[in-house]
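Please keep the structure in view while reading.

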Amino acid sequence: MGHKVNPIGLRLGINRNWESRWYPSFDSAAANLGEDYKIRTFLKKELYYAGVANIIIERTAKRLRVTIVAARPGIIIGKKGADIEKLKVSLQKLIGKDISINIKEEKKAMISAQLVAENVATQLERRIAFRRAMKKVMQNAQRSGAKGIKISVAGRLGGAEMARTEWYLEGRVPLHTLRAKIDYGFAEAQTTYGIIGIKVWIFKGEVLTKGIPAEAKEEKTEKRERRPRAPRKAD
């Protein structure tokens, strides 16, 4: 048996925050979870080509706020905000509650694990060779500043009769180190031979207790050591 743990779930409360941020009562927990699932499924389907990296749902006593982190926010907003208003109305009909939508731009799309996984899935659906697709996104991620990246694809690769799993690793991806900031993404490619699953792990550096990356702290200490001392005055 494998002992695999989702890297996001493992680091919750350490260097990763929850994507659903609310505190339920005993009666409302199941209903709220169902609503969250409906919202995420609907938004992923409607806004797939906008490159949705993350959907954060926050609830207060009377309000429900949805924050969409996307690589192409202009597609969601539309001309003069027309598309976002339609989206808001559709969500309110789906849930039956007042919803406020906030849009954020994903500035580093090349090192967002979910977007990288979806990129590979899109390429596989266009019948691009899986090794070529994997190596291309890995190179782009490393150019964008990723410390390490691992991609795993599983299924009938290249139309083979028997399903198999292949993976590539570039750089360093420490899955057991809790202070390591690991981004994880999963996507499925609907090919003519069946579904191919894509998993992506991206290592973005180590985060210390106060939220300062380890590399930045090392640089600060080096600069302090290198700083020349002022000459002493003769007595």
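In a salt bridge, the side chains of R59 and D36 meet at 2.7 Å, taken from N to O. R59 belongs to strand 2 (residues 52-59) and D36 to helix 2, so this pair ties together parts of the chain that are 23 residues apart in sequence. In general, side chains of opposite charge can pair when their charged atoms come close. The structure holds twelve salt bridges, and it should be kept in mind throughout that the model is a predicted one.

In which sense do strand 1 and strand 2 pair, parallel or antiparallel? Their pairing is in the parallel sense and runs over two bridges, and S20 has I57 of strand 2 as its bridge partner.

## Helix 2 and helix 4

Two packed helices are described by the angle between their axes and the distance between the axes. For helix 2 (residues 29-46) and helix 4 (residues 82-95), the axes come within 11 Å and cross at roughly 145 degrees, and helix 2 passes helix 4 in a right-handed crossing. On the side of helix 2 the residues that meet the partner are E35, K38, I39, F42 and L43, while on the side of helix 4 they are L87, S90, L91, L94 and I95. Sorted by class, this contact of helix 2 with helix 4 has seven nonpolar, one polar and two charged residues.

Another open sheet is formed by four strands in the order 6-5-8-7, and here the pairing is antiparallel. Strand 6 (164-171) and strand 7 (180-191) stand at its edges, where each has a single partner strand, so one side of each is left without a neighbour in the sheet. From one strand to the next, the twist averages 10 degrees.

How many bridges link strand 7 and strand 8? These two strands pair in the antiparallel sense over eleven bridges, and a hairpin joins strand 7 to strand 8 through two residues. Within this pairing, Y184 has W201 of strand 8 as its bridge partner, and F186 has K199 of strand 8.

Strand 8 (residues 194-206) also pairs with strand 5 (residues 148-155), in the antiparallel sense and over seven bridges.

## Helix 5 and helix 6

The axes of helix 5 (residues 113-125) and helix 6 (residues 130-143) come within 9 Å and cross at roughly 150 degrees, which makes helix 5 roughly antiparallel to helix 6. The crossing in which helix 5 passes helix 6 is right-handed. From helix 5 the contact is made by V116, N119, V120, Q123 and L124, and from helix 6 by F130, A133, K136 and V137. By class, the contact of helix 5 with helix 6 has six nonpolar, two polar and one charged residues.

Helix 5 lies across strand 5, strand 7 and strand 8, and runs at about 25 degrees to strand 7, whereas helix 6 lies across strand 5 and strand 6, running at about 25 degrees to strand 6.

Technical notes: Residues numbered from 1 in each chain as written. Predicted model: local features only at pLDDT ≥ 70, side-chain atom pairs only at ≥ 80, totals over all residues. Heavy atoms only, no water. Axes fitted to C-alpha atoms, helices over the stretch in contact; angles between N-to-C directions. Parallel < 35°, antiparallel > 145°, perpendicular 65-115°, else oblique. Left-handed = near helix turned anticlockwise from the far one by under 90°. Contact = heavy atoms within 4.5 Å. Nonpolar A, V, L, I, M, F, W, Y, C, P; charged D, E, K, R; others polar. Pairing = 2+ DSSP bridges. Salt bridge = Lys/Arg side-chain N within 4 Å of Asp/Glu carboxyl O.
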